[in-house]
Amino acid sequence: MSKKEKKSDGLNYKRTFLIGFGFLSCMLLWSVYNSYVPVILKGKLSTIFAEGSAVSNFIGSHSWLVWLTVPLLVNAIMTIDNIFGVIFQPFFGKKSDHTHTKFGKRMPYIIICLPICAVFFSLIPVAATVKSAALSILLMMTVIIFFNFTMSIWRSPVVSLMPDFTPSHLQSDANAVINIMGGIGQMIGFVVGTIASAVIGLFGFTALSENLKASKNSLGQIVDKETGELILDAAGNPQYVNYTPVFVVTAVIALLCLGILIIFYKKNKQYDLSAEVGFEKGDEEVKKEKIKIKNLDITKDEKRSLIIMLIALFLINNATEAIVPNFTNFAEVTLKVPPIYSTLMMAVFAVSLAVFGIPAGMMGRKIGRKKTIIIGLSGIVAMFAVYLTVSQILPQNADGTANTFTWIILWIALIVGGACIGCVNINTLPLVLAIGGREYVGTFTGYYYTATFSAAVTGPILCGLVIGLFNEDYNFMFLFCAVMFALGLAVITQVKHGEIAKDEDGTWLDEAVKDAQDD
């Protein structure tokens, strides 16, 4: 198949939105996971490290363990799952390039693994209900590891569906649509706590509904909103918030999205462009040769651009991956806002990202993907720097909460930040894929996620260390993120490939393959 692609009438928005239900379910699960699991872990670890506990006494007698803070440990635990993304996601991305079934290349991975993923996801808060904090964390991490392993199997294939159905010159616009669907998934995830509370309340589970809205102390124990005194159960033990309804409702929505995606693929598989390219079934020699970077049919300069782009993605995602797992704890500690409500703040960020999705895709096509990414990064660095400056200069209220002006700046940062991140996220994947060409969609999607998941390992740990160094002041996560975004901005200016252009007869042509065709 020629790597040239004739200009079509335009993007099929209906088909692209339907493809996006796969990414919607993925982002829905991640948004709930990243919003609630850190809160649960913080409560459990705070109990273990509480003053007078055996662990606290042990650390007190070993000064070299002073760095062992709760924020650092929470972020470190949250990165364990991302290690699976680094190891397995590229593998299954490449594997899906060479899969041949009546359901296409990608769908078998999604159909089998998404339901398994949903089951493990639902078990996370169940493990958190175990009274022993140490045993509870052990059980949680066991379930989390299985959840993330299955997620690693189907995430690259579900992302590869968009380029499989979309010509290269329309992929920025299509990725905007996919990211809107992902943004909708995030929005649902950020409000699903409120939805779950309302649903179980309607079914008569009033106590469980009120439990989700309860106020907590630093150990995650439920306290009276007015007096701050512990509320004990019948046996005289402290009570904790039970987030099981939130996770179960989320899993059900994800499975409904899978059903829509399966119906869509059955009706539209004839439009799968990936069926026209790739390797012959059973040609193992070619498969092994082509998946190596050194054997890819791109020039030395294009390989350099790919490597630089992956470094930039690593730096950028060190920032983005540090925000979400720390935001609910930031809101609870700094703003005194419970998780069920602080997730609504993140919903505003997701709405901004979704609303600006299509304009960001159009910008990528009209002024260039790299320029659009640079504009987005510049904007978010500026907003984070402004918020951090204001939060440190202006005094807090008497009760320790942020003052009104700081709140205003934070809301502006969330809204503008969502639009800026949209400019970045919409255009980075199409830029990477354009370097590789259609034959390597799954492979290059794997490279993309190797960079982003590597950042998901290091970002939260480094951010947790920064927060700990500044006496657990969660405002300083914005300092860490601003620095990482700025470094990513500096690196991405050196990327020279990944745009699209037209040749003499008006045919859309990937810049990554122009040299090969000219030869």
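Colleague: What share of the 519 residues in the protein is buried?

Modeller: Buried residues make up 57% of the 519; buried means under 20% relative accessible area, exposed over 50%, and partly exposed in between, with a 1.4 Å probe and protein chains only. This is a predicted model, where local features need pLDDT of at least 70, side-chain atom pairs count only at pLDDT 80 or more, and totals for chains, interfaces and linings use all residues. Residues are numbered from 1 along each chain as its sequence is written, and side-chain values use heavy atoms, leaving out hydrogens and water.

Colleague: Happy with that. Why is T244 called buried?

Modeller: Its relative accessible area is 18%, and the limit is under 20%, so T244 counts as buried. T244 is found in helix α8, residues 244-268; helices are DSSP runs of H or I with at least four residues, strands are E runs of at least two, and both are numbered from the N terminus.

Colleague: What makes the pairing of T244 and N242 a polar contact?

Modeller: Their side chains come to 2.7 Å. A polar contact is a pair of N or O atoms within 3.5 Å; within protein, one must be able to donate a hydrogen and the other to accept it, and residues adjacent in sequence count only if both atoms are side-chain atoms. Leaving aside neighbours within four places in sequence, T244 is also in contact (heavy atoms within 4.5 Å) with P125 and V126.

Colleague: Where does α3 bend?

Modeller: At F88, by about 35 degrees, with a proline, P90, following within four residues. The bend is the angle between axes fitted to the seven residues ending at a residue and the seven starting there.

Colleague: Which helices have the lowest and highest confidence?

Modeller: Helix α17 (residues 514-518) is lowest, at a mean of 39, and helix α4 (residues 107-128) is highest, at 93. These are pLDDT values, the predictor's confidence in each residue from 0 to 100. The mean for the protein is 78, and 82% of its residues reach 70 or more.
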